[in-house]
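Trainee: I would like to learn how to read metal sites and domain contacts in a model. Can we go through one together?

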Amino acid sequence: MNSFEIKEIPGKGRAMVATKPFAVGETIFEEEPFVSRQFSWNAAYGYAACDHCMRPLETVLENVRRLANNNALIVPLAEYDPTTPWLEQFTQCQRCKVRYCSEDCRMESLNKYHRVACMGNFHTDDSHPINALNETWKKMHYPPETGTILLIVRLMAMYKQSNNKQQFLESLQSFQSLIVNTEAKIYHKMLGENFEQQMEQLFVAFCRAFADEEFAAFTTPDAFKTLMGMIGTNSQGIATSPLAEWVKKVSDLPLPDGDKAKLDEYIDDIYNKVGEFAGEFLNTEGVGLYLLQSKINHSCVPNAQSTFPYSNDIVVLKAVAAIEAGEEICISYLDECQLERSRHSRQKILKENYIFVCQCPKCQLQVTDPDETSEDEDYDDDDEMDMDDEDANMSD
Ligand SMILES: [Zn+2]
Ligand SMILES: [Zn+2]
Ligand SMILES: [Zn+2]
């Protein structure tokens, strides 16, 4: 019935394989996350998002005024504001005041985790152990963010509220687990140079927040490390932006040339203004764990791509090349710039962040390339020390 299957490929491990052909642009599947969460700093900076699905809760006007720190900015063609149709449906938790894009999201969050996760009046109380844990995290993990401890907090609430804890744990375990020795690299990437002390501090704060006996299975040092490693390797970034959505809509309008030129000029001006104040951080950002999508392997020549066309956390996997029945479906874990880099650079990023050596067709083709770091590599190299010995072995 499905148009793909998850199976073991000898010598490669678990993979997603097409069971029917897909044309370029065709949707392979859509999936809601197992769990998602806005990044801690992103929320602290006022990027307003639905607490459940990450849909932006700002109009494009509010968005650009905040990002440019300029309340005089105006936005033409406001009828194409992607947020407006949702405005009247926005709602919030009456107890803790977190906001949702819709009654559906409020109910779903209540049914999955918010009944136990709701902090009521303590939501903004810095001394609450959950907030203290988040503050500890924020002191260790600055933008550009790649994860948030709050994702684990939400998982704990899901566990507590779940009436089938066995099933919950099985789902959790289906995310790629890591060998303990290699996990240090993941923590290093998430926490930086002092990761060992920071893990210890985080762990203490985590145990304070989840001191109840029912969390005992998660509050051992190893279980906590496993959780951290799991979110480090399985997290899919999610970004939403009313401005980007609006730009996409108005750019597609059939306008006379003169108007089109004016609009383009206006859009450039807006991006300059928001860039001056907000820099590169224009999007509402967070991460999600996806049961199905996380099973897809990486290739440096991917035939599929994860997209977020609904401005929320629903991932839509689309074919970016023709796929034949029986062919493995692969996405790229690297962004477009990283994909253009040398084999050596790509493999370094993949090994450090996802703990594997890429054997894709492109990497195999370039196997005799010298181990050169790409010239345009802006990837921080301050962490060479614990990788170099292995890099040497790799090229043998
Ligand atoms: Zn929502
Ligand atoms: Zn609440
Ligand atoms: Zn590759």
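Trainee: Why is the arrangement around the zinc ion (ligand 1) called tetrahedral?

Mentor: Four donors count as tetrahedral if all angles lie between 85 and 135 degrees. In this predicted model, the four donor atoms around the zinc ion (ligand 1) subtend angles of 104 to 116°, so the arrangement is tetrahedral.

Trainee: Which residues coordinate the zinc ion (ligand 1)?

Mentor: C50, C53, C101 and C105 do, each through SG, at 2.3 Å. Along the chain these donors follow the spacing C-x2-C-x47-C-x3-C.

Trainee: What are the protein donors of the zinc ion (ligand 2)?

Mentor: The zinc ion (ligand 2) has C93 (SG), C96 (SG), H114 (NE2) and C118 (SG) as its protein donors, lying 2.1 to 2.3 Å from it. Their spacing in the chain is C-x2-C-x17-H-x3-C. Angles among the four donor atoms run from 102 to 112°, and the site is tetrahedral.

Trainee: How are the donor residues of the zinc ion (ligand 3) spaced in sequence?

Mentor: The pattern is C-x57-C-x1-C-x2-C. The residues are C300, C358, C360 and C363, with each SG atom 2.3 to 2.4 Å from the zinc ion (ligand 3). This arrangement is tetrahedral because the four donor atoms subtend angles of 105 to 113°.

Trainee: What area is buried between domain 1 and domain 3?

Mentor: Interface size is often given as the accessible area lost when the parts come together. Here domain 1 and domain 3 bury about 610 Å² between them, and carbon and sulfur atoms give 71% of that area. On the domain 1 side, H298, C300 and S332 supply 75% of the area buried against domain 3, more than any other three residues.

Trainee: How many residues of domain 1 are in contact with domain 3?

Mentor: Six residues of domain 1 are in contact with ten residues of domain 3. By class, the side of domain 1 that touches domain 3 has three nonpolar, three polar and no charged residues.

Trainee: How many salt bridges does the rule find across the interface of domain 1 and domain 3?

Mentor: The rule finds zero. For polar contacts, the count between domain 1 and domain 3 is one residue pair, both at pLDDT 80 or more.

Notes: Residues are numbered from 1 along each chain as its sequence is written. Chains are lettered from A and ligands numbered from 1 in the order in which they are written. This is a predicted model: local features need pLDDT of at least 70, side-chain atom pairs count only at pLDDT 80 or more; totals for chains, interfaces and linings use all residues. Side-chain values use heavy atoms; hydrogens and water are left out. Contact means heavy atoms within 4.5 Å. Buried area is the accessible area (1.4 Å probe) that two parts lose on being put together, summed over both. A salt bridge is a side-chain nitrogen of Lys or Arg within 4 Å of a carboxyl oxygen of Asp or Glu. A polar contact is a pair of N or O atoms within 3.5 Å; within protein, one must be able to donate a hydrogen and the other to accept it, and residues adjacent in sequence count only if both atoms are side-chain atoms. Ala, Val, Leu, Ile, Met, Phe, Trp, Tyr, Cys and Pro count as nonpolar, Asp, Glu, Lys and Arg as charged, and the others, Gly among them, as polar. Donors are N, O and S atoms within 2.8 Å of the metal (3.2 Å for Na, K and Ca); water is not among the atoms, so sites may look incomplete. Four donors count as tetrahedral if all angles lie between 85 and 135 degrees; four count as square planar and six as octahedral if opposite donors are over 155 degrees apart and all others between 65 and 115; anything else is irregular.
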